[in-house]
Amino acid sequence: MTYKQQEKDLLKVKKLHTGFYIEGKFHHAIEDINLEVKPKEVVCVVGESGCGKSVMSLSIMQLLPKGISKISDGEILFNGEDLAKKTEKEMNKVRGRDIAMIFQEPMTALNPVFTIGYQLQEVLFNHSNINKKDARKRAIELLREVGIPRAEKIIDEYPHQLSGGMRQRVMIAIAIALHPKLLIADEPTTALDVTVQAQILELLKDIQEKEDMAIMLITHDLGVVADIADRVIVMYAGQIVEEAKVVDLFTKPKHPYTEALLKSIPRMEEVTDKLNTIQGVVPPITNMPEVGCRFVDRCHKAFDSCKKVSPQLGNVNGDQHLARCLLYEKCYPSDYSEEKEEISL
Amino acid sequence: MISYTLRRLLGMIPLLILISIVVFSLAKLMPGDPFSGEIDPNNTSVEYIEEMRENLGYNDPIPVQYQRWVTNLAQGDLGKSTTYKKPVMDVILERLPNTIFLAITSLIITYILAFTLGMYSGRKPYTLGDNVIATFNYGGIAIPQYIIAIVAIYFFSFKLGWFPSNGSITPGLEQGTWEFWMDRIHHVVLPAMTLGLFSTASYTQFLRNDIVQNSQMDYVRSARARGTSESAIYNKHILRNSIIPLVTFFGFDLATLIGGAIITETIFTYPGIGMLFINAIDTRDYAVVMSLTLLFSFLTLFGNLIADLLYGVVDPRIRY
């Protein structure tokens, strides 16, 4: 990849492979993930369920369940340090302080038997020598910052006394408590009402500006992407299939999968009885095709080579628009030649 | 919470009435009556027995007998023990401290063992240590208590001589002295461990499973995401949640430990309520049997109430 290094990357993931042991066999859930997040940038990762978005974000945080999953290859450089090589103890210093994360399910993300205040102050106690009084003061401040009314009361309440949107605000308050440089948000609005979704998104945007932090937002909602992203990464079946600036992606999508995703957004002005969908499902990680494009069975532009040649991620339109599709010359593997294929046939 | 407690206590009244009817009927259905105890062996003429029956009210209609029993009961008069020739209340109060002492010791041993083992197993599931503990637990649950008691006496009393095999105290010690209390503890340890084995095993296994389950919860992941250490996650976040279901057991324990010590107390000839109960059945001392059955029923109800109230303490989602 030939990115112009205007700014040093905050997060740089190189050749990341993560997988799970399923019935004694190791299967990759994500393969060869290369990406970077620059300071203050909002990067959205999109893709349908099961494409490896969450596995990727949990890999960065080293939060995948131990024993059944493993980062098998690759580097996760955060400020130049490889997180994949850090011990659990060292990671604990990074989590919550340098990188924070919020999750999809605000209803279950908070411990039901501890107060909001306890869980909010915990992040402060984990990373600093703050005393109890100051921690409480800071916690109330944080709750106000994320727009929670009656903060001095809410702090002593339990999660079940709050609505889903309020809980997600609490999660955000916990996440920004120590001014992290990167916030990973794994579908933060998926479980919420539409109106609340918009509020939470607005809050994230505000905070991103105020705190000057970078956000990696994982979502399958393209409306959210259009609203907030600087750059978009499209994932399919454990691979990055397209990466572009948000405007380029929406106006000039290059990968047939991205095109299909964009087409599946219902439009107000169109009168239609039927919603556009992409036929079929993502292949399960236990049954990934070894060669060829992983989208081939669902692709309306597929041709012969798609089943035989594994496309590479290549620049298809200027140096910042990458795609993984054999429609583009630059995506053929470097050792590929037409003749070779003719012979093998 | 106070109004809830009061409501629950009031709700117990009809239940207790029902229980008293059942207990009374059961006593009436049992064969024989305690006449061997009340009749002078040198004067056993049929007329005399009839006279005694008449005097003691055995010929009255059953509802009248029940009413008399309940009235006395409500006034705190449990009747007279035919074996001990003393008011039943005195007989029970004499034995109760022994049983409570046994129950508390057993509970302490259970809790210490179950929490240490359960937390270890829950944190390191499917390891060798966890499997060894699980094997012991399933053994403890599967082997009947009377076998465990006999094996324990054989090894720890006869072979090793660490603990006495019967009684609650060595005769001749002065009450209240240091030696007196040490001797009591010395006597109570073996029966307490036998008594607590079953609940230790089930507590441990239950706690372990609950910890394993809780460790996969979302809130654990979000606690990790804010840099909470592994020990804080297990000892605070998870444990605090896993205690909640254990509270139910505590309520049951209250009743089973007082009443359920029958087998253990009998094998160790430990003079508590359980042994009194067995002896009373043997000698057809119905006043004692009825009073104790009533006590056990009451303790079960009371234990449930305590468990329900404790839920409110440990789980903030439950408020009365």
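Predicted model: local features only at pLDDT ≥ 70, side-chain atom pairs only at ≥ 80, totals over all residues.

Residues are numbered from 1 along each chain as its sequence is written, and chains are lettered from A and ligands numbered from 1 in the order in which they are written.

The two strands belong to an open sheet of eight strands in chain A, with mixed pairing and the order 6-7-8-3-9-10-12-11, where two strands pair if DSSP finds at least two bridges between them. Strand 6 (99–102) and strand 11 (314–315) of chain A are the edge strands, each pairing on one side only. Across strand 3 (42–46), strand 6, strand 7 (182–186), strand 8 (214–219) and strand 9 of chain A lies helix 1 (residues 53–61) of chain A, which runs at about 145 degrees to strand 7 of chain A. For such angles, axes are lines fitted to C-alpha atoms, for helices over the stretch in contact, and angles run from 0 to 180 degrees between N-to-C directions.

Seen as a whole, chain A is assigned a domain 1 (11–236) and a domain 2 (249–265 + 275–344), with bounds that come from an automatic or database domain assignment. The C-alpha centres of these two domains of chain A lie 30 Å apart, and twelve residues of domain 1 of chain A are in contact with 13 residues of domain 2 of chain A, contact meaning that the C-beta atoms of two residues, placed from the backbone, lie within 7 Å. On the domain 1 side of this boundary, strand 2 (25–37), helix 9 (222–228) and strand 9 (231–236) of chain A each supply at least two residues. That side of domain 1 of chain A has eight nonpolar, three polar and one charged residues, where Ala, Val, Leu, Ile, Met, Phe, Trp, Tyr, Cys and Pro count as nonpolar, Asp, Glu, Lys and Arg as charged, and the others, Gly among them, as polar.

Chain B is likewise divided, into domain 1 (2–74) and domain 2 (92–314), and 34 Å separate the C-alpha centres of these domains of chain B. Here 13 residues of domain 1 of chain B are in contact with 13 residues of domain 2 of chain B, and helix 1 (residues 2–29) of chain B gives the most to the domain 1 side, with ten residues.

Where the chains meet, 19 residues of chain B are in contact with 25 residues of chain A. Helix 9 (218–225) and helix 10 (230–259) of chain B are the elements that give two or more residues to the chain B side, and the largest share, seven residues, comes from helix 9 of chain B. By class, the chain B side divides into five nonpolar, six polar and eight charged residues.

Within chain B, helix 12 has the buried residues Ile273(B), Gly274(B), Met275(B), Leu276(B), Phe277(B) and Ala280(B); a residue is buried if 20 or more other C-beta atoms lie within 10 Å of its own, exposed if 12 or fewer, and partly exposed in between, with C-beta atoms placed from the backbone. These buried residues of helix 12 of chain B pack against helix 5, helix 10, helix 11 (262–267) and helix 13 of chain B.

Arg284(B) sits in the loop between helix 12 (273–282) and helix 13 (286–314) of chain B, and it is partly exposed because 19 other C-beta atoms lie within 10 Å. Lys85(B), in the loop between helix 4 (62–74) and helix 5 (88–123) of chain B, also has a positive phi of about 55 degrees, and Lys85(B) is exposed, with 10 other C-beta atoms within 10 Å.

Definitions and conventions: Helix = DSSP H or I, 4+ residues; strand = E, 2+ residues; numbered from the N terminus.
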